[in-house]
Every structure is written in C-alpha cells, then in structure tokens.
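Please open the model in a viewer and keep the sequence beside it.

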Amino acid sequence: MRRLWLIDAGYIHANNLALLGSQRRIDYLRLRELIEHELGALWRGYFLNSAQDEPNEGRDRFHNWLQTAVPHGPNLIVKLYGLKSERVRNAWCADCGTKVDLRCPHGDGRHRLFNQRQMGVDVGLASLALIHRERYDSLVLSSGDGDLLDAVEHLSEAGKRIELAVFSTGVATDLQARSDRVLWLDDHLPALTGEDGAAGPPTAPGG
C-alpha cells in the first residue's frame, strides 16, 4: 500500500508547545519512523509551513535537514507559504462569551496591534492530496484542519484510505469520523522526543 503523508507544520508546532513547552521538540525523523511502524511504509511526505520572508539561518538549516534522506533526515518535501498580518482590536472570550478589547500595555492606547496567520497551507494540503490521488492508496494527515473535510470526503468516497497521525486536541471531529484509522501522537511523546531511552535518529538541527 502506497501512503502519502501531509504535514501541517503549524498544527504540529502548536501542539508541541502546548504539550512539551518550548524546550523539548518532536523529532520529525522519529515521527516518520513511528508512522511507518504503526501504519506502514510511506511513499512520499510533504511538510507545509508558513514563514516570514526575512532570512533565518536556523530555519533554513532545519528545512534542509527535513529534506535529507533517511536515515539522516525524514526525507520530506518542504513547501513554504506566506504569513498574513491582520489588524486586531478585540478578541472573543470563550469562557464568558463576550468580546474584550486588546491593548498594548506600553502604548497608552496608541499602539496598533497585529496578528499573523498562515496563508495557503490548508489549500496546499488539499491540492497535494488531490493532485497525487492516482499515485497513492492511503492519505496520512498530520493536520486537524476541518477545512480539509471536502477533500477528505471526496477521496474517501473514491476509495482512498484516510489515516490520521494527530494529537487528541485541535483535530476536527469531522475528520476523525471519516478516518479509517487514527494514530494518537499523545500516546508516543517519549518516543517522539527521544525520552524513552531507545536508540533513534540524531536530534534535528535548530528550527
């Protein structure tokens, strides 16, 4: 069975921070090895991320390492998208159900606040899944984005197997309901960070 693995890097990073903090990192070579051990061999993998245009030597080294062939790297094709800056004045509080004003503590109300969000990653994931649909049997998604639902539903109806390699938080239940198998990454964090004591790949260079 040929498997296509698609990774939303922002999704992995957000869960990494929530579960492990900023000092411990999920190793993508260990992640690939886990998926191949639990689900089966991967035909091809893509790493999709948003990045600022400014030069970043550490980020470039990390992306180069991601594209390095096994066993020295996870052998992923890296595709980068831009970041969009949006002006923000308030936010929605999920606990009390009201909008609250946002204010910089240093600007005496005059500072303009912006938020950056990724552009194009969800479209890129769906496009790759559809472009390659004749070349794989199973789609492995490391993304929780419910915007992928239409593409996933189309592929599932066309006979493709849908497998998720995701965390238990931040993954749309619509995706879970349409998957043939879910590999919960939360259950394997020591193996993904090397804290299980088992021999594994070298630690990824800085990101």
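Select Asn90 and display its contacts (heavy atoms within 4.5 Å): leaving aside residues up to four places away in sequence, Asn90 touches Lys99, Val100, Asp101 and Leu102. The C-alpha atoms of Asn90 and Asp101 lie 4.2 Å apart, although eleven residues separate the two along the chain. Asn90 belongs to strand β5 (residues 90-93); strands (E, at least two residues) and helices (H or I, at least four) are DSSP runs, numbered from the N terminus. Its relative accessible area of 35% makes Asn90 partly exposed, on a scale where buried means under 20%, exposed over 50%, and partly exposed in between (1.4 Å probe, protein chains only).

This is a predicted model, in which local features need pLDDT of at least 70 and side-chain atom pairs count only at pLDDT 80 or more, while totals for chains, interfaces and linings use all residues. Residues are numbered from 1 along each chain as its sequence is written, and side-chain values use heavy atoms, without hydrogens and water.

Next, select helix α5 (residues 149-157), where Leu149, Ala151, Val152 and Leu155 are buried. They lie on the same side of α5 because they cover an arc of only 165 degrees around the axis, taken from the directions from the helix axis to the C-beta atoms. Their cover includes α4 (121-131), β8 (138-142), β9 (161-166) and α6 (173-177). On the face turned away from the buried side, select the exposed residues Asp150 and Glu157.

Finally, colour the chain by pLDDT, the predictor's confidence in each residue from 0 to 100. Over residues 201-207, pLDDT stays under 50. Where pLDDT is low, the predicted coordinates should not be read in detail.
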